[in-house]
Amino acid sequence: MSGADDREAGGGPAAPSAPSATLPGPAASSSSSSSSSLPGEAGGAEEAGSLLGGARPHAEAGADPDAPPKKRLRPTGTGTGGPEGAAGSVKLEERLYSVLCCTVCLDLPKASVYQCTNGHLMCAGCFIHLLADARLKEEQATCPNCRCEISKSLCCRNLAVEKAVSELPSECGFCMQQFPRSLLERHQKEECQDRVTQCKYKRIGCPWQGPYHELTVHEAECTHPTKTGNELMEILDEMDQTRKKEMQLYNSIFSLLSFEKIGYTEVQFRPYRTDDFITRLYYETPRLTVLNQTWVLKARVNDSERNPNLSCKRTLSFQLILKSKINSPMECSFLLLEGPYDDVKIRPVIYHFVFSNENNETDYMALPIVDSVECNKLLAAKNINLRLFIFQIQK
């Protein structure tokens, strides 16, 4: 009785504390949050929340190793969780780059833009390269995205994309400032203060190159204007040698134009295939008449290389064949130039040969095309149209 009396006497202040530690409710939750350093109380609050079937706010806020990454990484701020917030973090220009870029080289087109029948974009260089590769492989050219057939007749230019690309900002390679692509070329050539320029005394041997804003200071301190006549003569002699080579070609052409017998005609190279096990592409013209004689032109790619489609450097070589029978040897000079309907760039080179009935074919000579890009233009075309000039040398 004394123990019961003692419990009844001391139970007054302790009675409320017993149910507060065991009964779940708001009081338990608040007590666990106020004393979070005690693991027993935090675990009791979590267990109490599970017994009531409610959402566990502390479990969601804490790091749960079993939770999926999406739930842990999901943003909770206002205005950033939706698609508008994700799109706003990327600039409009960068998004347009991925939309308007070429499907082949993944770069923004610099000139013409072509599209296949399904709307996929290709820059002019890649489009021509695809057509040239298909000609070399004897295949139908296809779009690299959707594999539909492409050709100059099936594809068309997309002027809207060309105008949109020209208005996109691009960085100047000298001053690193942003300009519309349509104005960038003019800025780099005429307006940029950091563009690379040369001294005005370059003609007398000054090798200086530097930014445009330093040009005035350099020219004021340049020592080349004070050089002696003997020093300048050595520099001018080197310049004369290069000029002589250029003038020699033009003088040769002018002298050929004074010959009595001159003939020219338009020639059309048509693609054919050899009869070998591994066929090779070659070109041949129909028979043509110049200077009352019958001629044929043949051409080949990379000197009949086995797989010219695997090479980035492409060349064309040609030979002139006399089909007529002649009574005496016929000495001629000849050259090929671009035709009136093609925009290919060809350097004029004069070739000489003495034709006879026994020796009626010239060796294969390089067609003087500027670079591989111009060669791809010729290969991508249905036919190659050039102009042949023959000058008969009279003895």
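C102 is buried, with a relative accessible area of 0%; buried here means under 20% relative accessible area, exposed means over 50%, and partly exposed lies in between, using a 1.4 Å probe and protein chains only. C143 is likewise buried, also at 0%. Before going on, please keep in mind that this is a predicted model, in which local features need pLDDT of at least 70 and side-chain atom pairs count only at pLDDT 80 or more, while totals for chains, interfaces and linings use all residues. Residues are numbered from 1 along each chain as its sequence is written, and side-chain values use heavy atoms, with hydrogens and water left out.

What about bonds between cysteines? A disulfide is a covalent bond between the sulfur atoms of two cysteines. With the cut-off set at a pair of cysteine sulfur atoms within 2.5 Å, the structure holds 0 disulfides. C102 is in no disulfide, and its nearest cysteine sulfur belongs to C123, 3.8 Å away. C143 is in no disulfide either; for C143 the nearest cysteine sulfur is that of C146, at 3.8 Å.

Now to the charged side chains. Side chains of opposite charge can pair when their charged atoms come close. A salt bridge is counted when a side-chain nitrogen of Lys or Arg is within 4 Å of a carboxyl oxygen of Asp or Glu, and the count comes to 10 salt bridges.

(Helices are DSSP runs of H or I with at least four residues, strands are runs of E with at least two, and they are numbered from the N terminus.) Is E374 buried or exposed? At 5% relative accessibility, E374 counts as buried, whereas K377, at 30%, counts as partly exposed.

Next, find R300, which forms a salt bridge with D303, the closest N and O atoms being 3.7 Å apart. R300 counts as partly exposed at 22% relative accessibility, and D303 is partly exposed too, at 47%.

Finally, turn to R186. Its side chain meets that of E191 in a salt bridge, with 3.5 Å from N to O. E191 is partly exposed, with a relative accessible area of 41%.
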